[in-house]
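Good morning, and thank you for coming.

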Amino acid sequence: LEFWWYASVVRHLGIGGVKAPSSPKYKALKEAMKRYKRLKDFYTRGEFYGIDETVHIHTLTEKNEAVINAFNLGAKEVKKRIEIDLGRIGLNHKKIKRVENLQFEKRGSKLFITFKIPALSPVLGMIR
């Protein structure tokens, strides 16, 4: 959770303080960092949109794609439904075909996304 929160709100990210390669935390952070590197342009060059305090979107208009970061800061699973006007976040709605990792419905220029977030966890999705 903390890693993806920082990835979403800090322009450049690195990891320190975890030294034991055999520890579960080290392995989890290493995997998260690999994924972050694949998405880095969204976080460092993309436009940030805060849908609310726990849902962030990072768009790259030249790719017509976006990353969605959603966070559950609580101790119980939550279910969320958000509405996104694709034009307002710089995306051409006619070219958007899917949202990876999240349930969605597209109506014209709007996306309606529904998802569950486990307790104290992040969820990532891709608008393409």
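Predicted model: local features only at pLDDT ≥ 70, side-chain atom pairs only at ≥ 80, totals over all residues.

Residues are numbered from 1 along each chain as its sequence is written, and side-chain values use heavy atoms, with hydrogens and water left out.

Lys80 has its place in strand β4. Helices (H or I, at least four residues) and strands (E, at least two) are DSSP runs, numbered from the N terminus. Leaving aside residues up to four places away in sequence, Lys80 touches Asp52, Thr54, Val55, Ile113, Thr114, Phe115 and Ile117; contact here means heavy atoms within 4.5 Å.

Not counting residues up to four places away in sequence, Phe115 touches Val55, Ala70, Val78, Lys79, Lys80, Ile82 and Leu102. Which residues have the most contacts inside the largest nonpolar core? They are Ile68, Ile84, Leu86, Ile113, Phe115 and Ile127, in a core of 19 residues. At least two residues of this core come from each of β2 (55-60), β3 (65-72), β4 (78-85), β7 (110-117) and β8 (121-127). The largest share, 4 residues, is supplied by β7. Apart from this core lies another, of 15 residues, with Trp4, Leu29, Tyr36 and Leu39 among them. A nonpolar core is a set of buried Ala, Val, Leu, Ile, Met, Phe, Trp, Tyr and Cys residues joined through side-chain atoms within 4.5 Å. Buried means under 20% relative accessible area, exposed over 50%, and partly exposed in between, with a 1.4 Å probe and protein chains only.

I turn now to the helices. Helix α2 (residues 24-44) bends by about 60° at Arg38, the bend being the angle between axes fitted to the seven residues ending there and the seven starting there. The buried residues in α2 are Leu29, Ala32, Met33, Tyr36, Leu39, Phe42, Tyr43 and Thr44. What covers the buried residues of α2 includes α1, β2, β3 and β8.

Helix α1 (residues 2-9) contains Glu2, which counts as exposed because its relative accessibility is 54%. The C-alpha atoms of Glu2 and Pro122 are separated by 8.4 Å, although these residues are 120 residues apart along the chain.

The aromatic rings come next. The whole structure has 5 aromatic pairs, where rings of Phe, Tyr and Trp (its six-membered ring) pair if their centres lie within 6.5 Å, and planes under 30 degrees apart count as stacked, over 60 as edge-to-face and the rest as tilted. Phe3 and Tyr36 make an edge-to-face pair, at 6.3 Å centre to centre and 90° between the planes. Phe3 lies in helix α1 and Tyr36 in helix α2, so this pair ties together parts that are 33 residues apart in sequence. Phe3 and Tyr36 are both buried. Tyr36 also forms a stacked pair with Tyr43, at 5.6 Å centre to centre and 25° between the planes. One aromatic cluster is formed by Phe3, Trp4, Tyr36 and Tyr43.

Lastly, the charged side chains. How many salt bridges does the structure hold? There are 9 salt bridges, each a side-chain nitrogen of Lys or Arg within 4 Å of a carboxyl oxygen of Asp or Glu. In one of these, Arg45 meets Glu62 at 3.0 Å, N to O. Arg45 lies in the loop between α2 and β1 (47-52) and Glu62 in the loop between β2 and β3, so the pair ties together parts that are 17 residues apart in sequence. A network of salt bridges links Asp41, Arg45 and Glu62.

The side chains of Glu83 and Lys110 also meet in a salt bridge, at 2.8 Å, N to O. Glu83 is in strand β4 and Lys110 in strand β7, so placed that the pair links distant parts of the chain, 27 residues apart. Glu83 is partly exposed, with a relative accessible area of 44%, and Lys110 is partly exposed at 29%.
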